[in-house]
Amino acid sequence: MKRRTDDLARTPGADTSPDTGTSTGTSTSTGDSDRFPEQFARTRRFSLGVPRQFTLSPDGRRVLFVRTGSGDDPVGRLWQYEAGEERLLADPVLLVGGGTEVVPEEERLRRERARERSVGVVGYATDAAVGLVAFALSGALWAVRTDGGAPFAVPAAGPVVDPRPSPDGRHVAYVSGRALHVVSLDGDDRQLACPEGPEVSYGLAEYIAAESMDRSRGYWWAPDGRGLLVARVDTSPVARRYLSDPADPSRPPQVIRYPSAGTANAEVTLHLLSLDGGRTEVSWDRAAYEYVVDAGWDAHGPFVAVQSRDQRVLRTLAVDPASGATEVRHERTDPAWVELVPGTPARTASGALVLPEDDGDTRRLAVGGRRVTPEGLQLRAVLGVEGERVLFTASEDPTETHVWRHEPGVGCRRLSAEPGVWTGTSRGGTTVLAGLTQQGHAVHVLGDDDGPGRRSPEAIASLAEEPLVVPRQTHLRLGERQLRAVLYFPSWHRPGTGKLPVLLDPYGGPALQLAVRARGWSGCVSQWFAEQGFAVLVADGRGTPGRGPRWEKEVHGDQLGPALADQVDALRAAGERFADLDLGRVAIRGWSFGGFLAAAAVLHHPDVFHAAVAGAPPTDMRLYDTHWKERFLGHPDEVPENYARCSLVGKGHLLRRPLMLVHGLADDNVAVAHTLRFSAELLAAGRPHTVLPLPGATHLPADDAVNANLLRAQRDFLKEALPAPEHGASGG
């Protein structure tokens, strides 16, 4: 429901003026449209072959990254880029063969929560000099030196999760069997922290940290390599859930710990562990601040960000490495919730805190207590700090995200130029910009003197396949709230030649935008549905990011009403501007929060929406996790009316329109109970509907054949469910 995505949509050559209502581009052939679902699935949503996870050496001359071998090869490989040339550092096919990958359970869960779509080298970590790289393959620990030589196995005590070299490159820490280990490169292995029971782990992020806080790590090295700051997680207070496989009744259910809204969270503590065996617990008021949002250890010592259960207070604490005592260095408060900004808190070389600061309707970057970004520039994330420089992403317009740099005495400078959704990293006078642009994925390597309008930068190649269906977007601002939206027409349609049924294709929830100036998988899918004979409308309403704190927090206490109203307003405003939209034939589809909106649309507005496909919809807000759901709706024991208002359960009797519910039976994010309970309610109320269960599928189905045919199943359902047009429209 909450997953961020790094590739959204736009087409090359399309007219993106918000007022023209036209677009240009090449037509999509029938054959290309027919083959698109298989390509979409085979390329794992066009993610394969895309370079990612960039690390720069201290001198800025070398760039490490991960990339699969081609646009349909799922095996990730480790590469180094230097002086315009790429060098392969580690190829898993050569190291462990091309057979089925064996992955420890903790690593499998980590990949699922990160929505990892490849195998092989899917992550790595380096020492401070970027001379030693550690990674896990099929549970084994591997390392490679970047100055030459073949990868080598490092003896480990068991299946390895999240290996990370010490800054000096002498040791590698890793988690195995929920215990934290440190091993030297010659195989001297020490267990620094052993779990005291079956519900305890050291060095791993708990469920809600990974799913809802963007914290995937559970330990951090000291800069001198002599110790670590380590999270201890005790899940014994957390309620159990059981994931079974109805397609294979002989398999025992998988037991997971899932903290539903209003229930107990895992107990998380932090400990300072030294390589010589010393151990000190970090102390703070855990009763008042039970969430560990982030942590780290830099030249100024360990630090941690902790948050209250109601999420209205977030404190940045400095940690005394000798005693574990903490001191409050900063406190952020908000009457709704304190928004978590990736990469914060951080500190510059001088010790100045780098933090977000909400100022009216602008989320600004503050360094050392001083706001350094202007009004209207919305901070999205802090990417890194080098010396006194701060690299960050921000949006002047919500449809674009750019990389910026702040430097004392210089101010803020935008580094990315082309429209798109950009991120990056910087070190040693070099910046790597990675973005999803109008032409697809792009990676540029720039020097300090390079920037927008200057010389053409070097590039790291993307091997992603070109989509068979190229989005043809018309960017719009709709209604009195100037909703950012994109309209897709079939490539064969000519204005005035006939009305088209309308398909809304939103996400519409927190942490994700779809109406952006970039070409990604979601836009390709929307265009594919357009090629099937729909006019497809995608709108980002209240609660979506990029338009400032007030816009985000208009859904506080009510995640349904404003979000659904904005979809209705966008549809009506688009219908007023485009005569070819048939508002008498309107469908809506979506996944996760988008699936929730789709089901809610036909329940609450059957006069507007005539059919819906709801994938993995969270129908009962009480079943969702604590940190995410209480952020928007509060504690269910204190404000039960918020949960009743936003849930779909209890409202099944309202259904009057065709509805298809799709859900993975192994979904540990939005449990299949959401759909099954809602379906039972619909059946009891005598409301016909369709349920499509996906055996073995998690929140994002991984099976290629399922993903391909799922698109066709949705298309066929919607075409059959919509009223017959008065005048037929046919494709070319």
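1. The bond joining T344 to P345 is a cis peptide bond, with omega at about 0°. For background, most peptide bonds are trans, and most residues other than glycine have a negative phi.

2. A word on what you are looking at: this is a predicted model, in which local features need pLDDT of at least 70 and side-chain atom pairs count only at pLDDT 80 or more, while totals for chains, interfaces and linings use all residues. Residues are numbered from 1 along each chain as its sequence is written, and side-chain values use heavy atoms, with hydrogens and water left out.

3. A83, in the loop between β3 (75-82) and β4 (85-90), has a positive phi near 55° although the residue is not glycine. At 70% relative accessibility, A83 counts as exposed; buried means under 20% relative accessible area, exposed over 50%, and partly exposed in between (1.4 Å probe, protein chains only). S138, between β7 (132-137) and β8 (140-145), also has a positive phi, near 50°. With 29% relative accessibility, S138 counts as partly exposed.

4. A150 counts as exposed at 58% relative accessibility. A150 and A90 are 60 residues apart in sequence, yet 7.7 Å apart in space, C-alpha to C-alpha.

5. Now to the helices. Two packed helices are described by the angle between their axes and the distance between the axes. Here axes are lines fitted to C-alpha atoms, for helices over the stretch in contact, and angles run from 0 to 180 degrees between N-to-C directions. The axes of α1 (residues 30-42) and α5 (residues 521-531) come within 10 Å and cross at roughly 150°. The two are therefore roughly antiparallel (under 35 degrees is roughly parallel, over 145 roughly antiparallel, 65 to 115 roughly perpendicular, the rest oblique). Their crossing is left-handed, that is, the near helix is turned anticlockwise from the far one by less than a right angle, and clockwise would be right-handed.

6. Who meets whom there? From α1 come S33, F36, P37 and F40, and from α5 come W521, C524, V525, W528 and E531, with contact meaning heavy atoms within 4.5 Å. These residues divide into seven nonpolar, one polar and one charged (Ala, Val, Leu, Ile, Met, Phe, Trp, Tyr, Cys and Pro count as nonpolar, Asp, Glu, Lys and Arg as charged, and the others, Gly among them, as polar).

7. Helix α5 has another partner in α12 (residues 704-721): their axes come within 11 Å and cross at roughly 45°. That makes α5 oblique to α12, and the crossing is right-handed. V525, W528 and F529 of α5 meet L711, R712, Q714 and R715 of α12. By class, this contact has four nonpolar, one polar and two charged residues.

8. Finally, the interior. A nonpolar core is a set of buried Ala, Val, Leu, Ile, Met, Phe, Trp, Tyr and Cys residues joined through side-chain atoms within 4.5 Å. The largest has 101 residues, and F36, L537, F609 and L659 have the most contacts inside it. Helix α8 (residues 593-604) gives the most to this core, nine residues. A second, separate core of 19 residues includes W284, Y289, A295 and L317.

Note on methods. Helices (H or I, at least four residues) and strands (E, at least two) are DSSP runs, numbered from the N terminus.
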